[in-house]
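User: I'd like a close look at a single part of this model, with the cut-offs spelled out as you go.
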Amino acid sequence: MSNIIRLIAACVFFGAAVALCVFGFWGWGILVLLLGGIILLSFFFNENMIIAQYFLRKENSDKADAWLLKIANYEKQLHKNQHGYYNLLLGLIESRKAPLKSEKYFKKALQLGMTMSHNTALAKLSLAGIAMAKRNKREATMYLQEAAKDDKNKLLTDQIKMMKQQMAQMDKQVIKGGYRQQF
């Protein structure tokens, strides 16, 4: 459903709630007011994205992907502030299937912006992992430093430490005979 339709429906419900309260039907007026509030809330928080986040937390990326695919045109169906989160969710789902292909979604999410700093840190941490997979240590280091800076609530400190340890192991690899051996 388009955002404009959601706003119009919310206004209609609020108007009906006021009319019901004016005519003395307080119970129905409050119920319709709550329904209008739920519709207005769905303007700011899309229900498909909320359900997709739920399935991602339950480690069911197939169902999460199915719910995200229900958003046909995210620029029309989502509020402007949710565009970055939509790309972040797509990147997280894609990173489980093909990690190197998810880079474009994380970069798009950072470009569009996200209001919560820990989500920005998560996108940068994922980009650091992709850079490490490509053996680009300088870019991975840059993304790890930015992720540590953005992680103000210290939610991702363990993951950042683990990535730094993996980067230290990358230095210990020695090229012998044209291929890499790890000691």
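How much space lies in the largest pocket?

Analyst: Quick ground rules. This is a predicted model, so local features need pLDDT of at least 70 and side-chain atom pairs count only at pLDDT 80 or more, while totals for chains, interfaces and linings use all residues. Residues are numbered from 1 along each chain as its sequence is written, and side-chain values use heavy atoms, with hydrogens and water left out.

Now the pocket: the largest one holds about 1100 Å³ of space. Its lining has 36 residues, and the closest to the centre are Leu 88, Leu 89, Leu 92, Asn 119 and Leu 122. The elements that each give two or more residues to that lining are H3, helix H6 (83–97), helix H8 (117–133) and H10. H8 gives the most, with 7 residues. By type, the lining splits into 19 nonpolar, 14 polar and 3 charged residues.

On the terms: a pocket is an open set of points on a 1 Å grid over the protein atoms alone, where a 1.4 Å probe fits and protein lies on both sides within 12 Å along at least five of seven lines; a lining residue has an atom within 4 Å of a point. Points are joined across faces, edges and corners, and the volume is the space filled by probe spheres set on them. Nonpolar covers Ala, Val, Leu, Ile, Met, Phe, Trp, Tyr, Cys and Pro, charged covers Asp, Glu, Lys and Arg, and the others, Gly among them, are polar. Helices are DSSP runs (H or I, at least four residues), numbered from the N terminus.

Glu 59 lies in the loop between helix H3 (47–57) and helix H4 (61–69), and its phi is near 65 degrees, a positive value in a residue other than glycine. Lys 154 is in the loop between helix H9 (137–150) and helix H10 (157–172), with phi near 60 degrees, again positive in a residue other than glycine. Glu 59 counts as exposed because its relative accessibility is 58%, and Lys 154 counts as exposed at 53%; exposed means over 50% relative accessible area, buried under 20%, and partly exposed in between, with a 1.4 Å probe and protein chains only.

As for H9 itself, Ala 140, Tyr 143, Leu 144, Ala 147 and Asp 150 are buried. The face turned away from that buried side carries the exposed residues Arg 138, Gln 145 and Lys 149.
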